[in-house]
Amino acid sequence: MAPASFTQNSKTVCVMDASGSLGSTLVERLLHKGYTVHAAVQNHGELQCFEGEHYDNEKLRVFHSDPLDYHSIMDALKGCSGLFYSFEPSSDQPTYDEFMAEVEVRAAHNVLEACARTDTIDKVVFTSSATAVIWRDDRNTMSSDIDERHWSDINLCRKFKLWHALSKTLAEKTAWALAMDRGVNMVSINGGFLMAPPHLTIKNPYLKGAAEMYEDGVFVTVDLNFIVDSHICIFENVSSYGRYLCFNHVISCNKDATKLAHILLPPSEACSPERLEDTRVYQQRISNKKLNKLMVDFES
């Protein structure tokens, strides 16, 4: 019987895009655990983020890889046993709109196709979002909590201009279709709102529909360390499969909402008298039991 996890620290893995807060922290943590890491970044200007004492240069190789350039992905994957993939919008198109879905889908297709053609790849950890799970017409009438089995409704996302949810849903579905067709061992992580710079701004596209998420009990956040640990745990655990909702806090009452508002907004806008008087607590309607069960024995 196969062991629950492997400890071969000689493994070589690729992190793409390695320039964001999630990617760069993953690179740092994987190096610390003894992995050799191929850090793939889109823009040459982002290479300097891998300079400094945190990065063991002997085990770190940095690649310039554009997810829309298939050959540059293949170069970064060469010799790797695993890929941690997360999409970062390019600096010349940083905001989500109706066209971003097309870009993100193309990127996901290229990356999974490259993985299918790289013989050494054993596992892909695909970073998606909770927004690819929660936006459903029936979310208020469901008898059970929302979990990994659910998908956001594409027509609902288009109707209410939920471009982040639309992009994440279509890109993840594209990745799963290709992974199943080409026999790629893929696991996805559907993360909550990431509580780390530069994501902590009211303009973050994840927050479109925040009031509805809050009232429906599905407004979830995740700390950077927790989501990084989750990625590594899911990669190392041979029994991981399918999708994993990843969050460690639910915004369910006025105190939580006010605290978040103080982080996201200037002081003059963060607190209104009406908000202070609101004592309602919204029932949590979303579950991350599947991930919590996997993480029980994981040591950071």
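Visitor: At what angle do helix α2 and helix α3 pack?
Guide: This is a predicted model, in which local features need pLDDT of at least 70, side-chain atom pairs count only at pLDDT 80 or more, and totals for chains, interfaces and linings use all residues. Residues are numbered from 1 along each chain as its sequence is written, and side-chain values use heavy atoms, without hydrogens and water. Helices are DSSP runs (H or I, at least four residues), numbered from the N terminus, and axes are lines fitted to C-alpha atoms over the stretch in contact, with angles from 0 to 180 degrees between N-to-C directions. The axes of α2 (residues 70-77) and α3 (residues 100-116) lie 9 Å apart, and the packing angle is about 45 degrees.

Visitor: Are α3 and α6 roughly parallel or roughly antiparallel to each other?
Guide: Helix α6 spans residues 163-182, and its axis is 8 Å from that of α3, at an angle of about 20 degrees. Angles under 35 degrees count as roughly parallel and those over 145 as roughly antiparallel. The two helices, α3 and α6, are therefore roughly parallel.

Visitor: What percentage of the chain's residues count as buried?
Guide: Buried means under 20% relative accessible area (1.4 Å probe, protein chains only). Of the 300 residues in the chain, the share that counts as buried is 55%.

Technical notes
Buried means under 20% relative accessible area, exposed over 50%, partly exposed in between (1.4 Å probe, protein chains only). Angles under 35 degrees count as roughly parallel, over 145 as roughly antiparallel, 65 to 115 as roughly perpendicular and the rest as oblique.
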